[in-house]
Amino acid sequence: MNAEQMPGMSQLPETPWDALGPIIRERVLIENQTFVITRPNESDRLLDHPFVRSAFAADEYLPYWTELWPAARMLAKAIFHEPWMPAVEALEIGCGFRLPRIAAVSRGLRVTLSDYDATALRFAAENARLNGFHDFRVLQMDWRNPPANLCVPVLLASDLIYEQRNVEPLVLLIKRLLAPEGFCLLTDQDRIPSAALRETLMAQGLEFTTQAVRAGEPGGRRVKGTLYRIRHRS
């Protein structure tokens, strides 16, 4: 299973390359391990591109995946501390170009990288390969319409409730995709919709525990957040 596409890829957004601007390569340290990632260096410039304006007008979509958010570092750290069984199947929701799926692959998980934007998946796959990892799949997916019969024992997600309207679709997705005995690791920077996240998880019959976490660049500002461990109700 080498970087293959899963069935059901649909016509969803693909941010054009000319909207991204300069691409940089940087080293990121997570739990004493160094990873190399490539990413757009001027994400603000995307907001003025005609494609982004059109995508926002059609579905309020913005390419948030171009940033390396602190919650992604939080999730990568949590993945390193988890006692994984070998070759566990995992799906990362909204992977962008970010660190968690590289951390997961480095720990031996068999990861499917999913995102709404095909260009984000291109960066995700390239960054995995850049760090020497090739055993993964990619899936372009709309949270509101996931592939039928997709079910996994592990879900990974970070910083996905930056808007209130994302909460209910995300919780319904977790409920639908998570195997009966599986669990989801989700990190959030304690954004305002976090209260709605907890209420919606309980309303949908999902159990969760929380743990305070922090992350940030070495020597820089550290951001507080929360790690959620979510399961189906016993």
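View 1. Residues are numbered from 1 along each chain as its sequence is written, and side-chain values use heavy atoms, with hydrogens and water left out. Where pLDDT is low, the predicted coordinates should not be read in detail.

**View 2. A look into the largest pocket.** Here you've got about 480 Å³ of space (a volume is the space filled by probe spheres set on grid points, which are joined across faces, edges and corners). A pocket is an open set of points on a 1 Å grid over the protein atoms alone, where a 1.4 Å probe fits, with protein on both sides within 12 Å along at least five of seven lines; lining residues have an atom within 4 Å of a point. The lining has 26 residues, and Y61, Y116, W143, Y162 and N166 sit closest to the pocket centre. By type, the lining splits into 12 nonpolar, 4 polar and 10 charged residues (nonpolar: Ala, Val, Leu, Ile, Met, Phe, Trp, Tyr, Cys and Pro; charged: Asp, Glu, Lys and Arg; polar: the others, Gly among them).

**View 3. R110 and E89, a strand-to-strand salt bridge.** A salt bridge puts a side-chain nitrogen of Lys or Arg within 4 Å of a carboxyl oxygen of Asp or Glu; the whole structure has 8. In this one, the closest N and O atoms are 3.9 Å apart. R110 is in strand β5 (residues 110-115) and E89 in strand β4 (residues 89-93), 21 residues apart (strands are DSSP E runs of at least two residues, helices H or I runs of at least four, numbered from the N terminus). R110 is partly exposed at 29% relative accessibility, and E89 is too, at 26% (buried is under 20%, exposed over 50%, partly exposed in between, with a 1.4 Å probe and protein chains only).

**View 4. D159 and R191, a loop-to-loop salt bridge.** N to O, this pair is at 2.7 Å. D159 lies in the loop between β7 (152-158) and α5 (167-177), and R191 in the loop between β8 (178-188) and α6 (194-203), so their bridge ties together parts 32 residues apart in sequence. D159 is buried at 2%, whereas R191 is partly exposed at 23%.

Notes:
This is a predicted model: local features need pLDDT of at least 70, side-chain atom pairs count only at pLDDT 80 or more; totals for chains, interfaces and linings use all residues.
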